Amino acid sequence: MNTADATDIKEVVKEKYGQAALRAKSGGSFCCGATASAGCDPITANLYDTAQAGQIPEEALRASLGCGNPTALAKLKSGEVVLDLGSGGGIDVLLSGKRVGPTGKAYGLDMTDEMLALANENKRKAGIENVEFLKGEIENIPLPDNSVDVVISNCVINLSADKDRVFREAFRVLKPGGRFAVSDVVTRGEMLPEIRRSVLAWVGCIAGALEEDEYRKKLTAAGFEQIEIEPTRIYRAEDAREFLAGQGIDVDALAPQVDGKFLSAFIRAVKPKTKEACCGPTCCS
């Protein structure tokens, strides 16, 4: 992808997420694939249970454009440092801050001024002190090397035009033994390019989701090990009927090419631990 294309994608994402923040503050919601009158199912709906929703301001929940719930799956521990890539209104950062406790820290990184303002307002309302929101891009994380225990993200990496750089940056800021634990949209298997573009416009807002094997290869190339991709929601043609019909697409004819090939997934990986120094002539053999 050339620089012009990457810049165009970044500007579209900024505009869309800025609108989402403003809608959340005014009492509305904004979802991938949803019009003002349409619902958010099956992508963004019902991701957080009642107990989690009760821990955070309503505006944080309304501003969520996620496709999963990484905080429920990442197994965060007290005292850990967590970084959320593309933190939006702050829902996953606030939940992470509660889970790592006062001895831990949760950072949120976002490039959209409107989302950062909303996130900081949600932080104030929630009264959670061990969280901090940073302005920046997920391709250039403003944190030092080896400073984070867990990197999470919720349906944001698929929006990046340079995913290889995102993975390298996540690897850089993770401590040895640190965990990569994100929710994202991925695809499965081959399909006609025009069908992929149409459905991804619905599933991910921007047609940038990786095929699951390609996701594994890119994580491996960045240095990660123990890579797992666990489907959390598998989408069917019927799920996208309203949106696709509005695009002039015959959904019934499309179904065989779509069913089971678009999914939200929880992706895990680990940064290898640094090898200990040898204490004898054969211990490193």
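What percentage of the 285 residues in the chain is buried? In this predicted model, buried residues account for 52% of the chain. Buried here means under 20% relative accessible area. The accessible surface of the chain is about 13,000 Å², and carbon and sulfur atoms contribute 49% of that surface.

The secondary structure consists of eleven helices and eight strands.

Helix H5 spans residues 91–100 and is mostly covered, with eight of its ten residues buried. The buried set begins with the run Ile-91, Asp-92, Val-93, Leu-94, Leu-95, Ser-96 and Gly-97, and it also includes Val-100. After H5 comes Gly-101, which has a positive phi near 75 degrees.

Helix H7 covers residues 163–173. Its buried residues are Lys-163, Val-166, Phe-167, Glu-169, Ala-170 and Val-173. These residues lie on the same side of H7 because they cover an arc of only 160 degrees around the axis.

What do the buried residues of H7 pack against? Their partners include four strands: S1 (81–85), S4 (148–154), S5 (174–187) and S6 (210–211). Helix H9 (212–222) is also packed against by the buried residues of H7.

Definitions and conventions
Residues are numbered from 1 along each chain as its sequence is written. This is a predicted model: local features need pLDDT of at least 70, side-chain atom pairs count only at pLDDT 80 or more; totals for chains, interfaces and linings use all residues. Side-chain values use heavy atoms; hydrogens and water are left out. Buried means under 20% relative accessible area, exposed over 50%, partly exposed in between (1.4 Å probe, protein chains only). Helices (H or I, at least four residues) and strands (E, at least two) are DSSP runs, numbered from the N terminus. The arc is that of the directions from the helix axis to the C-beta atoms. Contact means heavy atoms within 4.5 Å. Accessible areas come from the Shrake-Rupley method with a 1.4 Å probe; for residues, only the protein chains shown count as cover.
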